[in-house]
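My notes follow the display.

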Amino acid sequence: MKKKFIHCIAALLSASALLFSACGSEDTSATTMHLMKATGTVEICDAKGKDVAIAEPLKLYSGYQLDTQEESYAWINLDDVKLTKMDAESEVEIRKQGNMLDIHVKSGSLFFHVSEPLKEDESLNIRTSTTSIGIRGTCGWVTVNEHGHLKLYLLEGTVIYTFEDPDTHETQSVEVTAGQIAEPIDVGNGTFEVIIDFPFVIQIPPFVWEEVDGTSLTEELEALGIWADYESDKNSVSGTPADDDNPSDTSGNESSVQESAESSAPVTETEVRVSMPMDASEIFSLLWSQTSPGYTLIVESNGEEYTLDIDYMTIPEGTTLILEEGINVNLVYPEDMMDKSCNLYVSGNMIINGNLTTDDGELLITGGTLQVNGSISIGRNGWFSVDDPMDPIPGSRLVVTDGIYVYGSLDNFGTLEGTVNAESGCMFQQMGEHIGEINYNGGSVYLNN
């Protein structure tokens with residue numbers, strides 16, 4: 001089965017201009033490298049393994065290795081137009097040959113921002129022993145996965161992602177564009193395939209969001225469906241390169257201390273009610289713009305009957321959408337959609353107090369719950385999946401009161417509660433837990449439990 005496009009990230013470092021000006025007195029020849037800032041415990045050693053004393057800025061050379069400890073971060077300036085930030089508990093090695101720079105990420109995560117396209121005779125590669133990402137002028141971050149490969153989250157621009165099989169030495173190269181995620185996935189028998197996702201929503205981790213929040217590119221992030229997965233408090237996690245030299249100043253300003261305590265307090269649950277008529281884009285905007293835990297959006301019908309056509313919607317984790325009685329849902333594809341992807345992605349909770357239908361739409365539940373207090377009808381070209389077979393997340397659940405009528409495809413890798421009617425021509429794959437009856441009406445059913 002092909003990898004389905006799911007959830008869902010361009011960035012600009014808010015303090016990059018200050019960092020660049022800070023190194024104006026240093027050697028600005030091609031491919032110069034400097035440690036511009038370090039917070040917490042950061043260790044550096046040279047190519048011979050000898051410890052190097054921390055200074056800001058500190059010129060770095062080929063073979064230098066940097067290691068950040070818990071709650072520690074490091075910002076590295078490369079040629080004044082290439083800026084990277086190491087996450088906590090990360091390790092990298094910098095290698096340089098002429099105008100060619102390689103950053104080997106040995107563990108953890110690394111954010112990168114290249115503000116100007118590289119020249120023809122320059123290169124910047126972020127790599128592990130098996131994966132390589134060629135950077136020309138873009139933003140994003142990488143993290144080392146459990147196999148020692150890089151998982152790429154691209155925020156802006158285009159890059160080439162290359163994977164080399166350590167056994168056969170065969171290579172796979174794919175082009176990745178803004179808003180996509182790429183990594184090699186084990187497809188069985190020790191074989192890896194580079195998979196690209198185009199998520200509806202990408203959650204930016206705190207160490208990246210602190211460099212993005214409040215910049216001029218936040219509108220582009222919103223357009224791509226990109227949001228932070230925490231309440232931003234720039235002084236609470238790692239600070240920024242533009243912080244004052246005295247971040248630990250405790251001058252006794254009582255009001256500032258109080259404000260800081262309030263800003264870090266847990267956000268209480270929020271319930272918002274709106275009324276039809278509304279379109280899917282308006283509801284989606286209300287959903288993802290509120291990322292506080294427990295956020296619930298209730299859409300009222302006011303006693304009228306409506307059909308809500310959804311061509312693009314994500315229910316973020318920790319969020320609940322309730323469509324009251326009288327509102328039916330239809331998944332549709334607009335004619336101008338270039339790539340077919342899931343119309344509805346459920347990572348949080350969604351309750352439809354009506355019917356859900358589609359002719360050719362796609363739905364993916366991964367980590368969330370969809371409850372339909374009515375019936376579901378999946379057309380011949382439709383595809384529903386309870387959990388993503390390529391990247392399963394525990395807890396995915398579909399509950400249907402009046403039964404599912406399947407003419408297309410239905411895959412259950414999570415928990416499915418309700419009667420399944422396998423109609424003519426359908427394919428129902430039961431790989432997870434099913435509570436209810438299965439009626440065979442000419443469709444194909446594959447059971448693996």
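I looked up the bridge partner of Trp141 in S13 and found Tyr153. The model is predicted: I took local features only at pLDDT of at least 70 and side-chain atom pairs only at pLDDT 80 or more, while totals for chains, interfaces and linings use all residues. Residues are numbered from 1 along each chain as its sequence is written, and side-chain values use heavy atoms, with hydrogens and water left out.

**Strand S12.** Strands here are DSSP runs of E with at least two residues, helices are runs of H or I with at least four, and both are numbered from the N terminus. Two strands count as paired if DSSP finds at least two bridges between them. S12 and S13 (residues 150–156) run antiparallel and are joined by six bridges. Strand S9 (residues 109–114) is also antiparallel to S12, with five bridges, and Phe111 stands opposite Trp141. In the hairpin of S12 and S13, five residues lie between the strands, and Gly148 there has a positive phi near 85 degrees.

I then checked burial (buried is under 20% relative accessible area, exposed over 50%, partly exposed in between; 1.4 Å probe, protein chains only). Six of the six residues of S12 (residues 139–144) are buried, so the strand is largely enclosed by the rest of the structure. In a regular strand the side chains alternate between the two faces of the sheet. Cys139, Trp141 and Thr143 point one way, Gly140, Val142 and Val144 the other.

**Salt bridges.** My criterion was a side-chain nitrogen of Lys or Arg within 4 Å of a carboxyl oxygen of Asp or Glu. The structure holds nine. One of them is Lys85 with Glu211, closest N and O atoms 2.8 Å apart.

Which residues are linked in a network of salt bridges? I found Glu271, Arg273, Glu300 and Glu324. Glu300 and Arg273 come to 2.8 Å between the closest N and O atoms; Glu300 is in strand S21 (residues 295–300) and Arg273 in strand S20 (residues 271–275). For Arg273 and Glu324 the distance is 3.4 Å. Glu324 lies in the loop between strands S24 (319–323) and S25 (327–331), so this pair ties together parts 51 residues apart in sequence.

Is Glu300 buried or exposed? Glu300 counts as buried because its relative accessibility is 19%. Arg273 is partly exposed at 47%, as is Glu324 at 26%.
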